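Reader: I am new to protein models and would like to learn how to read one feature at a time. Could we go through it slowly together?

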Amino acid sequence: MSSRQNRGVERIIKKVKKNFSEQKFYEGEQLLKTVFSRLMKQKKYQQAATLVEEGCISLLEHKHGNAGGELGCHLIEVWNKWGLPLNEERTKTILQIFNTFPEDSNTTKNQFMKDCIKWAVEDEKD
């Protein structure tokens, strides 16, 4: 990924985190989803993964379990489309996300774990 592309994603993440710090969660989430969709259509998987991972963790830290969990599921989607296998680094990311879920987000947390397991099992089949 070029440094120009890195700066673009970093700029979006900074803008989203600013929205979150100003309690503008809906605006930040919509920006994440829009940019994520564009990156996926362009097959810019590394940028898409960075974007949704940062957004997911940030939303979960702000106790927005459903929105954060949805982005966590998008992260698994990126890894799957990108053809990435389960490894130590991705396992740490999954555990960080899982452990950051607020207590009242069991449905979304369960869906995130189901997506993780499905992705890991499919990877083992290949």
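Author: We will look in turn at salt bridges, a helix and a pocket. This is a predicted model, in which local features need pLDDT of at least 70 and side-chain atom pairs count only at pLDDT 80 or more, while totals for chains, interfaces and linings use all residues. Residues are numbered from 1 along each chain as its sequence is written, and side-chain values use heavy atoms, with hydrogens and water left out.

Reader: How many salt bridges does a search of the whole structure find?

Author: Side chains of opposite charge can pair when their charged atoms come close. The term salt bridge is used here for a side-chain nitrogen of Lys or Arg within 4 Å of a carboxyl oxygen of Asp or Glu. By that rule, a search of the whole structure finds 7 salt bridges. One of them joins E54 to K17, with the closest N and O atoms 3.1 Å apart. E54 lies in helix α3 (residues 45-61) and K17 in helix α1 (residues 3-21), so this pair ties together parts that are 37 residues apart in sequence. The helices named here are DSSP runs of H or I with at least four residues, numbered from the N terminus.

Reader: Are K33 and E29, which meet in a salt bridge, buried or exposed, or something in between?

Author: Buried means under 20% relative accessible area and exposed means over 50%, with partly exposed in between (1.4 Å probe, protein chains only). K33 counts as partly exposed at 23% relative accessibility, whereas E29, at 13%, counts as buried. Their salt bridge has an N to O distance of 3.0 Å, and the two residues, 4 apart in helix α2 (residues 25-41), are separated by about one helical turn.

Reader: What should the 13 residues of helix α5 span?

Author: The expected span of a helix is 1.5 Å times one less than its number of residues. For α5 (residues 88-100) that gives 18 Å, and its end C-alpha atoms are 18 Å apart, which agrees.

Reader: Which residues of α5 are buried, and which are exposed on the other side?

Author: The buried residues of α5 are R90, T93, I94, I97 and T100. They cover an arc of only 135° around the axis, which puts them on the same side of α5; the arc is that of the directions from the helix axis to the C-beta atoms. On the other side of α5, E88, K92 and N99 are exposed.

Reader: Which residues line the second largest pocket?

Author: Rolling a probe the size of a water molecule over the atoms shows where empty space is left. On a 1 Å grid over the protein atoms alone, a pocket is an open set of points where a 1.4 Å probe fits, with protein on both sides within 12 Å along at least five of seven lines, and lining residues have an atom within 4 Å of a point. The second largest pocket is lined by Q46, A49, T50, E53, W79, W82, L84, E89, R90 and T93, and its volume is about 170 Å³. Here grid points are joined across faces, edges and corners, and a volume is the space filled by probe spheres set on the points.

Reader: Which helix gives the most to that lining?

Author: α3 gives the most, with 4 residues, although α3, α4 (65-82) and α5 each supply at least two.
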